[in-house]
Every structure is written in C-alpha cells, then in structure tokens.
Amino acid sequence: MNPPENSLDILDAGEISRALERMAGEIGALAGGTDNVVLIGIQRRGVELAERLGGLIQTTRGPVPLGALDITLYRDDLQAIGPAPVVGETRIPMDLTDRFVVIVDDVLYTGRTVRAAMDELRDFGRPGRIALCVLIDRGGRELPIQADIVGHFVEVGSRDRVDVLIQEVDGVDSVRVVRGSGR
Amino acid sequence: MTSAALGKDLLGLEELSRDQIELVLDTAEPFKEVSERAIKKVPTLRGKTIVNLFYEPSTRTRISFEFAEKRLSADTVNIASSGSSVEKGETLVDTARNLEAMRIDMVVMRHPSSGAAKFLAERIPSNVINGGDGWHEHPTQALLDLLTIRGALGKISGVNVCICGDILHSRVARSNIWGLLKLGAQVALCGPPSLMPSGIEDLGVKVFRRIEEAIEWADALNVLRLQLERMKAGFIPSLAEYNRIFGVTQGRLDRAKKDPLILHPGPINRGVEIDSRVADGPNSVILRQVTNGIAIRMAVLYLLAGGRPDSAELSKS
C-alpha cells in the first residue's frame, strides 16, 4: 500500500512491536497478575492488537481469554452518519462479572468509541474493573475518558488523521499521520 | 456501500439488487449474536417508534418483528384489523396519516391486498416494511430462508432449491424465487397444476410435476404450508390425497437416497405437506429459520433506520 500524500510515518514495525511488549508487561502489573484478565479488542484493528498482546502475555504468564467488540449498535451518532455502517462481529468469551477487563484499541481520540464500548460491556456482566489500553493516544477528547496504558502519545491537529496499519489487516505494521485529511 | 443501501422501504425482493440482498444477509450475521446474550438488547433504535399494522392474522411474523424491534430498543405498537378503527371502515391511508400525526418512524404492514405496502410507502414519509401483501411478496421471510440456506450449505449460488406446494397463492414463493435467482441458485417449483401459476417458467425456474423428481434434484426443499381454505375452494380434492401425491415423507426421501435441507415457513400442517419425521428430522432447519428471522428483521430495521445516505464517511474516534 502506497502512503497517501502529506503522510508521515511515525512508528515502524519494530517500534510497534517494542511498544506492544511494554504494554503487555504493564497489563500484568496493573492487574496484579493476569489470572482474572480478559482482553477485549474493539473492531476492527483493536481485535488484532488484543490478540498480539494476548500472545505476548501468554509467553510470560500463560494464556488470557480474548474477545472482540463491535460498538456500532451503541454509537451515539447513528442518525447523523450514514448510510448504516457495517456491523462487525462481537464475541465475548464469558460472563464478565468480576473480571479485570482490558479494552484494547488502536487509536484513542474523542473517547466516544470507548464510551460506547463501556456501555456495551455492561450488557455482558459487571466487570470488577475496566481498563483501557491503546497503541496511540492522539489527544482531542470530547468525553472525560483516559487510557491506563498507552503505546505512544502523538500530537496532531484536529484536521489530521492517525492511521494504524497492522500486518493482519493491512499487510504492514506502521503508524502514520495524514495531514489535513480528518473530518 | 452507498449503492447497496436499502433506501426508504423494503417492499419486495423483486426490486432489490444482488448487492442489497447480500448486504441484508451479511448485516444479519452479527445480529444473531445479540439474541444469544443474557441481556438481549442493544440501544440502536432508542427513541424510534414502530407500528406493526396487521390487516391479516399472523403470529410468527408479528412476534418476530416485535422481538427484533424490542431487541433494538425501539418502542412498538401493534395494531390488528379487528378491534381497531380499521373495522369501522377507515381507509389504509387515513389510518397511516393518523399514525404519522402521532410521530411514528416506521410501519411494518401485513395486508391481504397485493401492492398494499407500495401504496402506503408512496404516501407516507415513514419507512415501510412489507410483512406480506396478498399473493405478492413477503420479503423478510425470503431473506431469512436465504440466510438459513447460506448458513447450512455455505453458499446460495449454484444450489438447487425446490419450492413445494401452493405456489399460486404464495407470496413466500414469489419472494424466494426473486431472491434465489438473484443470488445465483437454481430454482424449481413443485405442486399440483391447479396451484401452479401458468407461464411461471418464464421467470427462469424449472417446474416438477412429481415430488419424487423434485426430491432427487434438490439440495434444499422449501415446503410451503398448504392453506386449508384451498381445499374448500376446490384447488385440491382432499388433504389426504395431497399428502399421498405431494407430501414430503421420510419414505420418499429414503427412496431418493437424498437428504436435502428441509425448510418450511410455518405453521406446519403435519401429515399434509410434510410428515413429522421429516419436519423434526436431522436435515430440518425449520426452527433455525425462526431464530434467523429475528436477526434478518433486526438487520432490515437497522439498515432502513440508519442515517442519512447523503452524508460523508464516518469519522474515526
């Protein structure tokens, strides 16, 4: 895939890999072990990132359950956007009551996706704690939401877009900023 | 994506493209999961008001729509023709205009007249979903049949599907023929000549006169309910004779050495168009059709209610 014009690669595959390794360690530290941890990736690329984090945790601490969450049906802007966006798969492996749930996503921006994810998770039980783990925090929050574990902070303008590309979906691991292409 | 959007109404499969039908089927897949949750409800249609306007008796379709609406958090009102102002002679348009004045968003309508859903859709701004109109179409039933065949056989294109029974009076048959042909299935029909529309082959379907031939040919049999009124009207001599000649029986399946998928839109007349051993047998997906019906109707409601088709791609948050 050729990068679009006005784009700047800010992380390469090695840097992403090192960030994920550090984040996997931080999940174990934050949860005080991983026995009770469930990793829930947000569709689309959060799911693959959760799988990678799960793989990294498994090598040091043993397997952790993985899930996938599509928040489309919980969006607060369905009437404003259109046509009806594609709904992805939701796969929650167990009742989440009393679990240490880690929401995994690629980019944290307005916080609205995370708001929707927390609303949806509530329909699968009452987690003991929900933590948020993102590869990129680009600022620009519109809700009082913050991440517990962050791969990298990126300072970009509101009209810029941050694209996380990952091998499983895009054929390459890369994080790039596309200037002036946002909403 | 925009080209595949459904538009304002769902009136029939005749006017849908292959892409639009596949969009509904693909959208229904994730909705299956919602009905498996402990809390079977998502907030997607919160604040939407949906009227289920049934001018003909219906249990399964109405309940299925109602479950779909409630699982999407819509507010629903059921109106049956008996006991409402419809009985006092109010016209369809007057009923609809009165509902509009109460600020509704969608109407699901079943009506004995073919074309009633289109008539209504052209006259009110709310989304209209055809829940069965006369002998014309029953699009959500055909969509759930397609979803069930695709789920069980892994594909629809190239699959041999035979629709058996009273084709003449069946909106289910008509919607299925359109949907199956558009998705590339081979379609055949089998039933008494008195219940087979003349010239139906022109649509590109085969006609079998003998159920044995149909069973040998088919990968899936969609067995329609024989409406008992048809006997009184003289289309068939007796129910026993119908079963003897056209019944889908275990004996016929055994002799054909075939085990086609068995679908039936319900309610079943056991021992008439289908025997209990077949209806309850290992290849029957009749109850899966019922489960899939809710997912299909959730998908249709979601797609029709969703957003303005003119606005831009959603932003990443």
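1. Start with helix α6 of chain B. 10 of its 12 residues are buried, so α6(B) is largely enclosed by the rest of the structure. Here a residue counts as buried if 20 or more other C-beta atoms lie within 10 Å of its own, exposed if 12 or fewer, and partly exposed in between, with C-beta atoms placed from the backbone. Helices (H or I, at least four residues) and strands (E, at least two) are DSSP runs, numbered from the N terminus.

2. A word on the source. This is a predicted model, in which local features need pLDDT of at least 70 and side-chain atom pairs count only at pLDDT 80 or more, while totals for chains, interfaces and linings use all residues. Residues are numbered from 1 along each chain as its sequence is written, and chains are lettered from A and ligands numbered from 1 in the order in which they are written.

3. Back to α6(B), which covers residues 171-182. Its first and last C-alpha atoms are 17 Å apart, close to the 16 Å expected at 1.5 Å a residue. That expected span is 1.5 Å times one less than the number of residues. The buried residues include B:Arg171, B:Arg174, B:Asn176 and B:Trp178. B:Val172, B:Ala173, B:Ile177 and B:Leu180 are also among them.

4. What covers this helix? Helices α1 (18-34) and α5 (139-153) of chain B are among the elements over its buried residues. Strands β4 (127-133), β5 (160-164), β6 (186-190) and β8 (220-223) of chain B are also included. Just after α6(B), B:Gly184 takes a positive phi of about 90°.

5. One of those covering helices, α5(B), also packs on helix α12 (residues 286-305) of chain B. Their axes lie 8 Å apart, at an angle of about 120°. Axes are lines fitted to C-alpha atoms, for helices over the stretch in contact, and angles run from 0 to 180 degrees between N-to-C directions. The crossing is right-handed. A crossing is left-handed if the near helix is turned anticlockwise from the far one by less than a right angle, and right-handed if clockwise.

6. Which residues meet between α5(B) and α12(B)? From α5(B) come B:Thr140, B:Leu143, B:Leu144, B:Asp145, B:Leu147 and B:Thr148. From α12(B) come B:Arg288, B:Gln289, B:Asn292, B:Gly293, B:Ile296, B:Arg297 and B:Val300. Two residues are in contact if their C-beta atoms, placed from the backbone, lie within 7 Å.

7. Now chain B as a whole. It holds 12 helices and 9 strands. Its radius of gyration is 20 Å, which agrees with the value near 20 Å for a compact globule of 317 residues. The radius is taken over C-alpha atoms, and the globule rule is 2.2 Å times the number of residues to the power 0.38. Along the principal axes, the C-alpha atoms fill a box of roughly 60 × 50 × 40 Å. Buried residues make up 44% of the chain. Of the contacts between residues at least 6 apart in sequence, 75% join residues at least 24 apart.

8. Chain A has 4 helices and 8 strands. Their order along the sequence is β-α-β-α-β-β-α-β-β-β-α-β. The radius of gyration is 16 Å, close to the 16 Å from the globule rule for 183 residues, so chain A is as compact as a globular protein of that length. Its C-alpha trace spans about 45 × 40 × 30 Å along the principal axes. Buried residues account for 43% of chain A.

9. Look next at strand β2 (residues 37-42) of chain A. 6 of its 6 residues are buried. A:Val37, A:Leu39 and A:Gly41 are on one side, with A:Val38, A:Ile40 and A:Ile42 on the other. β2(A) runs parallel to strand β4 (residues 100-108) of chain A, joined by 5 bridges. There, A:Gly41 has A:Val104 as its bridge partner. β2(A) is also parallel to strand β3 (residues 66-69) of chain A, through 4 bridges. In that pairing A:Leu39 partners A:Leu66. Two strands pair if DSSP finds at least two bridges between them.

10. Chain A also has an open sheet of 3 strands, in the order β1-β8-β7, with antiparallel pairing. The edge strands are β1 (7-11) and β7 (161-165). Neighbouring strands are turned by 30° against each other on average, direction ignored. β1(A) is joined to β8 (residues 174-178) by 4 bridges, and A:Asp9 stands opposite A:Arg176. β7(A) and β8(A) pair over 5 bridges, with A:Arg161 opposite A:Val178.
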